Amino acid sequence: MRLLKVATCNLNQWAMDFDCNLKNIKESISRAKEAGAVIRLGPELEITGYGCEDHFLELDTVTHAWECLQELLLGDWTDGILCSFGMPVLKGSERYNCQVLCLNRKIVMIRPKMWLANDGNYRELRWFTAWKQKDHLDDFLLPNEISEALSQKTVPFGYGYIQFLDTAVAAEVCEELFSPMPPHAELALNGVEVFMNASGSHHQLRKLDIRLRAFIGATHTRGGVYMYSNQQGCDGSRLYYDGCSCIIVNGDMVAQGSQFSLKDVELVVAQMDLDAVASLRGSISSFQEQASCKPRVSSVAVPYKLCQSFNLQMSLSSPLKIQYHSPEEEIAFGPGCWLWDYLRRSGASGFLLPLSGGADSSSVAAIVGCMCQLVVKEIANGDEQVKADAIRIGHYTDGQFPIDSKEFAKRIFYTVFMGSENSSDATRTRAKVLADEIGSWHLDVSIDGVVSALLSLFQTLTGKRPRYKVDGGSNIENLGLQNIQARIRMVLAFMLASLLPWVHNKPGFYLVLGSSNVDEGLRGYLTKYDCSAADINPIGSISKQDLRMFLKWAAFHLGFPSLAEVESAPPTAELEPIRSNYSQLDEVDMGMTYEELSVYGRMRKIFRCGPVSMFKNLCYGWGAKLTPMEVADKVKHFFKYYSINRHKMTVLTPSYHAESYSPEDNRFDLRQFLYNARWPYQFRKIDEFVDNLNGDKVAITKSTDQKKADVTSEGGMGVVAAGSGNPRAGF
């Protein structure tokens, strides 16, 4: 037997905070050594943090990474343990995203990433060059300071693996696993048994299964040990890196870390027998045949043993059932952990949320409530870092710390119902009850006086006073009156966030939370610079449908039962007067349902459909209930308002990324914000298709009538030739 113990980890790194990152790295190595592991894998770019973005272009960033690596190598951190560290490296004039493999205070090999992530939220080609020389290893000249400190001038650099006396180990970096021809396939044929994948993968709803299937598939048919390490937390941007570091052996999960956690360091350890890998490979005929004619991959020989022989003191890890969170749990825990990281790292003293009693703001309130529950739970479990952060943020003294989530919420969370003459008693009550359930410091304020003052000022300036549409006003007047209310709430929210801590003799400031969802952003169903304008938004990339499912779940599982009533209420902005014969509803205002919006969003972004392609696809999807003309009208209506309101995305509050069809303008969904909203060419093409389809229907109808007449005249013996049916008859 060749017994091997390995460790991988989730690390909560912070871009450009080298002290924080180095502390977490050292803690993970210490724990790995205590566990008896001989391999320790960390996340991609763990020394700098993955999200440095254009800071990667600064020479200082690379220099500081080398300085941190030097500190690790001059100490005893790598004694007796192979460590893979992620950092940027300059080679000549090129900058590479690298894994630096170290053992016994020496750099064994530098492995540059060959296939860079460059879609969605990823822009690695902006900062790094892909390594393209697969046929050899270069001699890399170490920086002078490192060379002198380590008494090592050069190190092998490139694509290859490390050949130890008893096994072979190689790195495969993040995106490379998901490429059409992943390196692990070729490396396995060359005898590599242990694969180390350092990653910087962010959370997206329902995405984890795709990732884990890739790890399992990598070793299911070709054998091997697959180690995966990921960052976990908010490292300074819209993304939440969702951990789930794990270890796979021959296609079986034997160790799995958490997906969402408040911990800064989480270690995942497993023990395996590498002879099981060799045995599986030897039993697969096709593997044997392909290995016999494999292309050679360069290697670095290291005269060192990693494995132990048979002994009963080391038990083998058994296969585990893979743990997945439901989408509702993902919405609670992902944004909840992201908010905690943002809060503790921003220097703020808490959050302020305009709480309307509607589904969106209530979802945000529930997520903050969940965050408070997670904090108290983690403190009870003995996490000293979470405890220290909570004491500082909550301003506890005399040795006190949070032991009750509602009491903690009272210290760090303000909610404000900003009612007007258009607000209903139902929403006011729902906001108050939910605030009590969560424990927030709740305020109820009327904005009517401010609205009236502004309207009087406008009347003094112009001599006119606008009226609502239900009172005989025009659409322009109606919209203007709604926008006044919405924008006053934004101004009031920021004023309260900055001054309420002073009122209550607390230091610092509060972060204003936004609560617009992804569908409203896509449609532009929000006022520019209203309550959607905030410091951060935990639900800005979550659909209305998912939020309603979350509310049902949270009512029971988070202990906020009033959310069930919130979920069942029809969505309304409450910006227009309520009359006996009129009540404002979101879906009526938008001219489309939230369910339809989700369909439009997925087709526009995920399936890359323009107006014409969307029309064609929806003729299939909705053809059973809508005519082509009706489908065309819906598609045109969506694209009209999407393009008119696209400019709002340029000032959208930074939002937690969770949905694959997010319209976020900063980096995920890069499109113009000035459109010809008439889409003349595209809409004309749609009209042509509709005319042709209607013409086909007329022809089919006439043909059918004629056939019926023929059948009747021939005594029911009419015959239709095979294949004569019109291929568009399905429309």
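Author: In α13, Thr427, Arg430, Ala431, Leu434, Ala435, Glu437 and Ile438 are buried. Buried means under 20% relative accessible area, with exposed over 50% and partly exposed in between (1.4 Å probe, protein chains only). They span an arc of only 160 degrees around the axis, which puts them on the same side of α13. That arc is taken from the directions from the helix axis to the C-beta atoms.

Reader: What kind of model is this, and how are residues numbered?

Author: This is a predicted model: local features need pLDDT of at least 70, side-chain atom pairs count only at pLDDT 80 or more, and totals for chains, interfaces and linings use all residues. Residues are numbered from 1 along each chain as its sequence is written, and side-chain values use heavy atoms, with hydrogens and water left out.

Reader: What do the buried residues of α13 pack against?

Author: They pack against α10 (359-380), α12 (405-412), β18 (413-419), β19 (441-446) and α18 (563-568). Contact means heavy atoms within 4.5 Å. Helices (H or I, at least four residues) and strands (E, at least two) are DSSP runs, numbered from the N terminus.

Reader: Which residue follows α13?

Author: Gly439 follows α13, and its phi is positive, near 105 degrees.

Reader: Which strands does β13 pair with?

Author: β11 pairs with β13 in the antiparallel sense over four bridges. Val225 has Val249 as its bridge partner in β13. Four bridges also join β13 to β14, and these run antiparallel. There, Val249 stands opposite Asp252. Two strands pair if DSSP finds at least two bridges between them.

Reader: What about the turn between β13 and β14?

Author: That hairpin has two residues between the strands, and Asn250 takes a positive phi near 50 degrees.

Reader: OK, β3. Buried or exposed?

Author: Nine of the 10 residues of β3 (residues 82-91) are buried, so β3 is largely enclosed by the rest of the structure. Three bridges join β3 to β2 (residues 39-41), and the two run parallel. Nine bridges join β3 to β4 (residues 94-103), and those run antiparallel. Met87 stands opposite Cys98 in β4.

Reader: Now the largest nonpolar core. Which residues touch the most other members?

Author: Of its 63 residues, those are Ile47, Trp66, Leu69, Phe85, Ile107 and Ile110. Helix α2 (residues 59-74) gives the most to this core, with seven residues. A nonpolar core is a set of buried Ala, Val, Leu, Ile, Met, Phe, Trp, Tyr and Cys residues joined through side-chain atoms within 4.5 Å.

Reader: What else is there apart from that core?

Author: Another core, of 59 residues, lies apart from it, with Cys234, Leu262, Leu339 and Val566 among its members.
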